[in-house]
Amino acid sequence: MPTTSDMTTHTDPALLDALQHQVAVFARRAEQSRLGGVGQARNSMDRAAYLLLNRLDQEGPMGVKALAAGMGIDSSTVTRQVAPLVDAGLVSRATHPEDGRAVVLQLSERGRARLDEVRTSRRALMALVTEQWSEEERTAFTALLTRFNASLADITASLTPAGPTS
């Protein structure tokens with residue numbers, strides 16, 4: 001793996017400074033607004049709940065370990081974050097179809113309706129934020145941000161010492 005000095009020797013330090021500053025500003029603004037959308041559903045669902053419900057919607061029912069692995073967090077965190085979603089009726093627990101001892105989590109109909117409401121609100125916010133952008137700019141930004149997030153996840157994973165998994 002290249003050292004930090006190797007990574008910065010070929011890129012203009014001022015550009016890297018500007019990039020890290022813009023990422024920091026974005027993180028602050030995202031936290032301030034929680035990117036929670038517009039209208040009545042604005043800030044009505046926290047980030048953890050949104051990400052969990054979205055993953056269950058996109059990938060279907062799965063166990064806690066699979067959900068945790070897919071999100072890059074540990075099982076105990078998923079268990080803690082899922083509990084209020086189950087209590088609220090947004091997620092249900094079911095018996096695993098192939099292993100009756102295992103439990104899978106799945107998005108309930110109430111959870112799907114709630115997720116759709118929040119997505120619509122967040123989609124409206126993204127439309128407002130990028131209303132002066134062309135479709136090509138939106139597409140390019142989405143691709144670059146996706147790539148940035150994947151690279152950040154890879155780097156974070158490589159810097160995190162491997163320990164016991166739960």
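Select Leu 67 to begin: leaving aside neighbours within four places in sequence, its contacts (heavy atoms within 4.5 Å) are Leu 52, Arg 55, Leu 56, Met 62, Val 78, Val 82 and Leu 105. The model is a predicted one, in which local features need pLDDT of at least 70 and side-chain atom pairs count only at pLDDT 80 or more, while totals for chains, interfaces and linings use all residues. Residues are numbered from 1 along each chain as its sequence is written, and side-chain values use heavy atoms, with hydrogens and water left out.

**The core around Leu 67**

Next, select Leu 53, Leu 56, Val 82, Leu 85 and Val 91 together with Leu 67; these have the most contacts inside the largest nonpolar core, a set of 19 residues. Two or more residues of this core come from each of helix H3 (47-59), helix H4 (64-71), helix H5 (75-87), E2 and helix H6 (109-129). H3 gives the most, with 5 residues. A nonpolar core here is a set of buried Ala, Val, Leu, Ile, Met, Phe, Trp, Tyr and Cys residues joined through side-chain atoms within 4.5 Å. Buried denotes under 20% relative accessible area, exposed over 50%, and partly exposed in between (1.4 Å probe, protein chains only). Helices (H or I, at least four residues) and strands (E, at least two) are DSSP runs numbered from the N terminus.

**Strand E2**

Move to Val 104, in strand E2 (residues 103-107). Is Val 104 buried or exposed? Val 104 counts as buried because its relative accessibility is 6%. Beyond neighbours within four places in sequence, Val 104 is in contact with Pro 61, Met 62 and Gly 63, and also with Ser 92, Arg 93, Ala 94, Thr 95 and His 96. For a distance check, pick the C-alpha atoms of Val 104 and Gly 60: they are separated by 9.7 Å, although the residues are 44 apart along the chain.

**The surface patch**

Now display Leu 19, Val 23, Phe 148 and Leu 152, which make a nonpolar surface patch of about 310 Å². Helix H2 (13-33) and helix H7 (135-159) each supply at least two of the patch residues. Leu 19, found in H2, counts as partly exposed because its relative accessibility is 45%.

**The whole chain**

Finally, show the entire chain: 7 helices and 2 strands, in the order α-α-α-α-α-β-β-α-α. Of its 166 residues, 22% count as buried.

Key:
Patch = residues over 30% accessible without salt bridge, like charges linked within 9 Å, V, L, I, M, F, W, Y side chains within 5 Å. Areas by Shrake-Rupley, 256 points an atom, 1.4 Å probe, with all protein chains shown as cover. Salt bridge = Lys/Arg side-chain N within 4 Å of Asp/Glu carboxyl O.
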